[in-house]
Amino acid sequence: TDGSLVVLPGVPTSVCVVLSGPSDRGFVSCNTSNNVLFPGMFDLETLLAQRHVHVGGLFNMPNMHCRDLLDLLGALHAAGVTLSLDTQFDVSGAWDGKGCLPECLGVMDVFMPNELEAAGVTGAPTPEAALEVLCARMRPGALALVKVGARGVLAGRAGSAERWHVPSAPVSVVDLTGAGDAFNAGFLHAYVRGAPVDACLRAGTAGGALAVQSLGGCERLREWANALHAAESALRM
């Protein structure tokens, strides 16, 4: 009722089945609800009341690739709401969201692709080169990240020479599913609280490292989330 949850009558929730093996993964996706999402479904006043808005899976929501999305993001940016984007993989191979991505990057505070996605978006041959292309495309002060799996994460601040590399913690990997999203959650948890960039990156790699230690990528993160909630509650007492 407050505009924070949209229910689409008669539209099944999108589902992705991950076939995870020792050396590779396959994804079987049914993008039912993703395919019908469009910017007008989101209440602007609700979004304006937030400190931060994250856009996840842009390339998997084809009806979001439009002028209305750019106008919505522009209004949030103008109002001081910070923005982050993880496009996810582009099965179409176009890597530009029907031409929307360049303008999206112009208002983003944080762009957080993995190395495969960064290569697709930039055409660069290495994660390091992709990072430089992204820093050149984003507005000064914004952060470009490239998640590089077991190597951790590369990051740079557009318009400056600031660059970071934070390695992943050495852990026993069970399942890579959800590692990128877990990184995003850890990074943004620190980012919205004003932590320095290197601390945000460490929080992200911690989230990713937790996710890969169990099947499905969620169980260890629930433990972390519960611990963070308990710690924050204690600080408020």
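With a relative accessibility of 27%, Q88 counts as partly exposed (buried means under 20% relative accessible area, exposed over 50%, and partly exposed in between, with a 1.4 Å probe and protein chains only). The structure is a predicted model, in which local features need pLDDT of at least 70 and side-chain atom pairs count only at pLDDT 80 or more, whereas totals for chains, interfaces and linings use all residues. Residues are numbered from 1 along each chain as its sequence is written, and side-chain values use heavy atoms, with hydrogens and water left out.

Q88 is placed in the loop between strand 4 (82-86) and helix 4 (101-107), where helices (H or I, at least four residues) and strands (E, at least two) are DSSP runs numbered from the N terminus. The phi angle of Q88 is near 65°, a positive value in a residue other than glycine. W95 lies in the loop between strand 4 and helix 4, and its phi is likewise positive, near 65°, in a residue other than glycine; W95, however, is buried, with a relative accessible area of 12%. S23, in the loop between strand 1 (15-20) and strand 2 (25-30), is exposed, its relative accessible area being 74%. The C-alpha atoms of S23 and E223, which are 200 residues apart along the chain, are separated by 27 Å.

The protein contains 9 helices and 8 strands, and 40% of its 237 residues count as buried. Its radius of gyration (taken over C-alpha atoms) is 18 Å, which agrees with the value near 18 Å that a compact globule of 237 residues would have, the globule rule being 2.2 Å times the number of residues to the power 0.38. The C-alpha trace spans about 45 × 45 × 45 Å along the principal axes. Among contacts (heavy atoms within 4.5 Å) between residues at least 6 apart in sequence, 61% join residues at least 24 apart.

Helix 5 (residues 115-122) and helix 6 (residues 127-137) pack at an angle of about 55°, with their axes 9 Å apart; axes are lines fitted to C-alpha atoms, for helices over the stretch in contact, and angles run from 0 to 180 degrees between N-to-C directions. The two helices are therefore oblique to each other (angles under 35 degrees count as roughly parallel, over 145 as roughly antiparallel, 65 to 115 as roughly perpendicular and the rest as oblique). In their contact, E115, A118, V121 and T122 of helix 5 meet P127, A130, V133, L134 and R137 of helix 6.
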